[in-house]
Amino acid sequence: MTEFIKTPDGSNTLYSSKYKQYFHDIKTGAIKESLVKHIIPAFTYHKYKKNLKILDICFGLGYNTLSTIYYIQNNNLEKKLGIYSPEFDLELIESLKDFEYPKEFENLKQIILELAENKKYEDENLKIELYIGDAREYIKTIKDIDIVYQDAFSSEVNKELWSVEYFKDIYKATNEDCILTTYSVATKVRLSLYKAGFEIYEINPIGKKKQTIALKTKKEFDAKYIDMELKQQRNKEAKAIYD
C-alpha cells in the first residue's frame with residue numbers, strides 16, 4: 001500500500017501497489033460506496049429477514065462489514081448477522097488497529113481491534129469471522145449465505161475472483177433467496193455470473209453509476225432485468241471469464 005487518501009465523504013482509503021487500484025471509488029467515498037453499492041440494495045431486498053449471513057469478498061479495510069454494522073445501528077434494525085470474509089493480506093488486517101477510520105465508526109473501535117488481533121468478533125447479535133488466505137478455497141467451505149458483497153479488485157487485475165468457476169462456487173455457497181451486489185457492470189462479468197446460474201439485474205441508485213445485482217431465481221423487484229441470452233445474441237464477441 002503506497003498511498004493514503006481522504007475521500008469525499010470524509011473517510012480514508014488506500015492505494016494498492018499490487019493491483020494498481022484504489023480500495024474505493026475516490027470520487028464517491030468509502031462509506032458512501034459501501035452503503036450505496038452493497039448494503040442498502042441488499043438490506044432493502046432482505047428487509048423482512050431477521051437472520052442474515054453475509055459473505056464479504058474481500059475484507060480489505062473492512063468498510064463493507066463496518067458500514068453494515070453502522071447501517072444496522074443507525075436505522076435501529078432488528079437483525080442478527082453473521083459476516084464471513086476472506087482476505088489474503090494478513091499484514092493489512094493487523095494494521096487496521098492503527099488505521100484512521102471516520103467518526104461514523106467511533107463506537108466500533110472494539111470490533112476493529114478484535115478483528116485486527118484475533119480475526120474474529122462475536123456478541124449476542126453479531127458474529128464476524130475473517131479468513132486469511134485464498135478466497136477461492138474459503139468459499140468452498142461455507143454455506144447458507146444470504147448476501148454476497150462482490151467487491152474484489154477489478155477483473156482486469158484479479159480475474160480469479162470474477163470467473164465462471166468462482167461464481168459457481170459462490171452459487172453453491174448461497175441460499176435460494178441470496179442477493180449478490182457488485183460495482184461491476186462489465187458484460188464479461190455479467191456473463192460469468194449468468195453462466196454460473198445467476199439472473200442479472202441492474203440498478204442506478206444515485207442516477208450516476210449503474211451497478212449489478214445477481215439473484216439465483218428471476219424475481220420482480222425494483223431493478224431492471226438484463227436478458228443475458230439476448231445480450232449474447234446481439235454481441236457474438238462477448239465472452240465470460242474462465243479460469
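Colleague: Which residues is F43 in contact with, leaving aside its neighbours within four places in sequence?

Modeller: F43 is in contact with L52, I54, T68, Y71, I72, L77, K79, L81, I147 and Y149. Contact means heavy atoms within 4.5 Å. Bear in mind that this is a predicted model, where local features need pLDDT of at least 70, side-chain atom pairs count only at pLDDT 80 or more, and totals for chains, interfaces and linings use all residues. Residues are numbered from 1 along each chain as its sequence is written, and side-chain values use heavy atoms, with hydrogens and water left out.

Colleague: Which residues touch the most other members of the largest nonpolar core?

Modeller: F43, L96 and I128, out of 39 residues in that core. A nonpolar core is a set of buried Ala, Val, Leu, Ile, Met, Phe, Trp, Tyr and Cys residues joined through side-chain atoms within 4.5 Å. Buried means under 20% relative accessible area, exposed over 50%, partly exposed in between (1.4 Å probe, protein chains only). Helix α1 gives the largest share of this core, seven residues. Another core lies apart from it, with 31 residues, including A173, C178, I200 and I241.

Colleague: On to the sheet. What is the strand order?

Modeller: β6-β7-β5-β4-β8-β9-β11-β10-β12, an open sheet of nine strands with mixed pairing. Helices (H or I, at least four residues) and strands (E, at least two) are DSSP runs, numbered from the N terminus. Two strands pair if DSSP finds at least two bridges between them.

Colleague: Which strands stand at the edges?

Modeller: β6 (120-122) and β12 (224-226). Each has a single partner strand, so one side of each lacks a neighbour in the sheet.

Colleague: And how do β4 and β5 pair, parallel or antiparallel?

Modeller: Parallel, over five bridges, with β4 at residues 51-57 and β5 at residues 80-87. L52 is opposite L81 in β5.

Colleague: What does α1 touch on the sheet?

Modeller: Helix α1 (residues 30-45) touches β4, β5, β8 (145-150), β9 (174-182), β10 (199-203) and β11 (211-215). Its direction makes about 150° with that of β9. Axes are lines fitted to C-alpha atoms, for helices over the stretch in contact, and angles run from 0 to 180 degrees between N-to-C directions.

Colleague: Where does α7 lie?

Modeller: Across β9, β10, β11 and β12. Helix α7 (residues 187-195) runs at about 140° to β10.

Colleague: Last one: is S67 buried or exposed?

Modeller: S67 counts as buried, because its relative accessibility is 0%. S67 is in helix α2 (residues 63-74). Leaving aside neighbours within four places in sequence, S67 is in contact with I31, S34, L35, I39 and F105.
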